[in-house]
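Work through the exercises below with the model open. Try each task before reading its solution.

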Amino acid sequence: MTKPYSVLVVDDHPLLRRGICQLLESDGDFTLFGEAGSGIDALSAIVDNEPDIILLDLNMKGMSGLDTLNALRQEDVTSRIVILTVSDAKQDVVRLLKAGADGYLLKDTEPDLLLEQLKKAMSGQRVISSEVAEFMLEMNSSNEEDWIEALTPRELQLLQHLAEGLSNRMLSEVLHISEGTVKVHVKNLLRKANAKSRTEIAVRYLNR
């Protein structure tokens, strides 16, 4: 049986947060890594270990979802980070995706669809609610290839598998290396490409 995906739920509304946690716990494909009511709490929760997915609210008091996302990426967190918000504003969608979010879902998403979208995120897809999907066109489609030429053969091999949507766990099995080594290679890839997330680097590679 496949190991369930661990999820950290970050939202400053206790009732809503608890509801999301209960929804995740109702599906055997997920396990609750933890919950946090603020960006600061989220950063503290992942000091020793990272979840597979971080489900992140956008409009929180104190550190906003964008601030939290930036802080997580600066800490080289490789979890899939999916924004869950009420905002369907174009500027929010574009800003969060450019900052390295792996998905942008609206809070009025049907529960079953939310679970389905999170599973797609773990398969390497960028998940976007249909109501705001058109804003993805605002993303910069950079076609530079210099960073690809700077990759080592192992990094290029890893990038090709990343573009296929493989998770760290799957990359570890395919390449016969530890998950820790995979994370090191992924961080090097992100640095060389000046990218904010593995999804961004995969899209850029496929669109080159």
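**Exercise 1: Helix α1**

P14 is found in helix α1. The model is predicted: local features need pLDDT of at least 70, side-chain atom pairs count only at pLDDT 80 or more, and totals for chains, interfaces and linings use all residues. Residues are numbered from 1 along each chain as its sequence is written, and side-chain values use heavy atoms, with hydrogens and water left out.

Task: Is P14 buried or exposed, and is I20 buried or exposed?

Solution. 
- Helices (H or I, at least four residues) and strands (E, at least two) are DSSP runs, numbered from the N terminus.
- Set the cut-offs. Buried means under 20% relative accessible area, exposed over 50%, and partly exposed in between (1.4 Å probe, protein chains only).
- Take P14. Its relative accessible area is 54%, so P14 is exposed.
- Helix α1 spans residues 14-25 and holds I20.
- Classify I20. The relative accessible area is 8%, so I20 is buried.
- From P14 to D92 the C-alpha separation is 23 Å, across 78 residues of sequence. From I20 to L69 the C-alpha separation is 19 Å, across 49 residues.

**Exercise 2: The whole chain**

Solution. 
- Count elements. The protein chain has ten helices and six strands.
- Box the chain. Along the principal axes, its C-alpha atoms fill roughly 50 × 40 × 30 Å.
- Check burial. Of the 208 residues, 50% count as buried.

**Exercise 3: Salt bridges**

Task: How many salt bridges does the structure hold? Then describe the pairs R18 with E25, D52 with R169, and R95 with D92.

Solution. 
- Side chains of opposite charge can pair when their charged atoms come close.
- A salt bridge is a side-chain nitrogen of Lys or Arg within 4 Å of a carboxyl oxygen of Asp or Glu.
- Count. The structure holds 13 salt bridges.
- Take R18 and E25. Their closest N and O atoms are 3.9 Å apart. R18 is partly exposed, at a relative accessible area of 32%. A network of salt bridges links R17, R18, E25 and E35.
- Take D52 and R169. Their closest N and O atoms are 3.6 Å apart. This pair links distant parts of the chain, 117 residues apart: D52 sits in the loop between α2 (39-45) and β3 (53-56), and R169 in helix α8. D52 is partly exposed at 21% relative accessibility. R169 is partly exposed at 22%.
- Take R95 and D92. Their closest N and O atoms are 2.8 Å apart. Both residues lie in helix α4, three residues apart, about one turn of the helix. R95 is partly exposed at 42% relative accessibility, whereas D92 is buried at 11%.

**Exercise 4: A charged patch**

Task: Which residues gather in a patch of negative charge on the surface?

Solution. 
- Define the patch. Its residues have over 30% relative accessible area and no salt bridge, and like charges are joined within 9 Å. Asp and Glu count as negative. The place of a charge is CG of Asp or CD of Glu.
- List the members. They are D88, D108, E110, D112 and E131.
- Inspect D88. It is found in the loop between β4 (80-85) and α4 (90-98). Its relative accessibility is 49%, so D88 counts as partly exposed.

Methods
Patch = residues over 30% accessible without salt bridge, like charges linked within 9 Å, V, L, I, M, F, W, Y side chains within 5 Å. Areas by Shrake-Rupley, 256 points an atom, 1.4 Å probe, with all protein chains shown as cover.
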